[in-house]
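Subject: Structure handover

Hello,

Here is the structure I promised to pass on. Please open it first, then read my notes below.

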Amino acid sequence: MREMQQKPEAGHGADMTAMRPARLISVENEVHAQMIAGVLEGNGIKCWIRDKESGGYLSIYMGFSVFGKDLYVDEADVDRARELVDGIEAEIDTEDAGKMAEEEDIPAPPFYRNRRIVAGVIAAVLGVSAAAALILNLYDAFFG
């Protein structure tokens, strides 16, 4: 039997070329990576998002990764992609951002938004409930 070789239809591998990935940028989270990828793909640049370090395993296990994401594009598109990313990415000096946050007059959050206070209240309620249950059981055992 002779095997017939079919030509791929348009859109199904007709113009498949191997991508030579080049790292474009590293970002902190999936949302940031998807925003940049949307801009790149909207301008006709194909990109690939990859977890940094063991972030892929953390994303599966915990639902997110603390290591961040790397965006890759084809070597041929690197210059155009950098121009687009530089246009939308503003470099923020973390020291200046910290100073600005300290200088702003930010009101203190209400007590129920402070996680330590809420955790303490919950622990106190559970402790009182457990003590009450123990006292009632002891009372029932001796006098019941």
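Start with the contacts. Take those in the protein between residues at least 6 apart in sequence: 63% of them join residues at least 24 apart. Keep in mind that this is a predicted model.

The overall layout comes next. The protein has five helices and three strands. Along the sequence they follow the pattern β-α-β-α-β-α-α-α. Of the 144 residues, 15% are buried. The accessible surface is about 12,400 Å², and carbon and sulfur atoms account for 56% of that.

Now helix 3, which spans residues 78–88. Its buried residues are V78, A81 and V85. Seen down the helix axis, they fall within an arc of 65°, so they line one face of helix 3. The face turned away from that buried side carries D79, E83, D86 and G87, which are exposed. What covers the buried residues? The cover includes strand 1 (21–27), helix 1 (30–42) and strand 3 (69–74).

Strand 3 also holds D70. This residue is buried yet has no salt bridge. The nearest side chain of opposite charge is R23, 4.2 Å away. The D70 side chain does make a polar contact with the side chain of S26, at 2.4 Å. Leaving out residues up to four places away in sequence, D70 touches R23, I25, S26, W48, I49, R50 and K52.

Salt bridges are the last topic. The structure holds three.

One joins the side chains of E75 and R20, at 3.8 Å from N to O. This pair links distant parts of the chain, 55 residues apart. E75 sits in the loop between strand 3 and helix 3, and R20 in the segment before strand 1. E75 counts as partly exposed at 45% relative accessibility. R20 counts as partly exposed too, at 48%.

K69 forms a salt bridge with E30, with the closest N and O atoms 3.1 Å apart. Here strand 3 is linked to helix 1, across 39 residues. K69 is buried, with a relative accessible area of 9%. E30 is partly exposed at 34%.

K69 also meets D51 in a salt bridge, at 2.3 Å from N to O. D51 lies in strand 2 (residues 47–51), 18 residues from K69. Salt bridges that share partners join E30, D51 and K69 into one network. D51 is partly exposed, with a relative accessible area of 22%.

Best wishes

Conventions: Residues are numbered from 1 along each chain as its sequence is written. This is a predicted model: local features need pLDDT of at least 70, side-chain atom pairs count only at pLDDT 80 or more; totals for chains, interfaces and linings use all residues. Side-chain values use heavy atoms; hydrogens and water are left out. Buried means under 20% relative accessible area, exposed over 50%, partly exposed in between (1.4 Å probe, protein chains only). Helices (H or I, at least four residues) and strands (E, at least two) are DSSP runs, numbered from the N terminus. The arc is that of the directions from the helix axis to the C-beta atoms. Contact means heavy atoms within 4.5 Å. Lys and Arg count as positive and Asp and Glu as negative; His and the chain ends are not counted. A salt bridge is a side-chain nitrogen of Lys or Arg within 4 Å of a carboxyl oxygen of Asp or Glu. A polar contact is a pair of N or O atoms within 3.5 Å; within protein, one must be able to donate a hydrogen and the other to accept it, and residues adjacent in sequence count only if both atoms are side-chain atoms. Accessible areas come from the Shrake-Rupley method with a 1.4 Å probe; for residues, only the protein chains shown count as cover.
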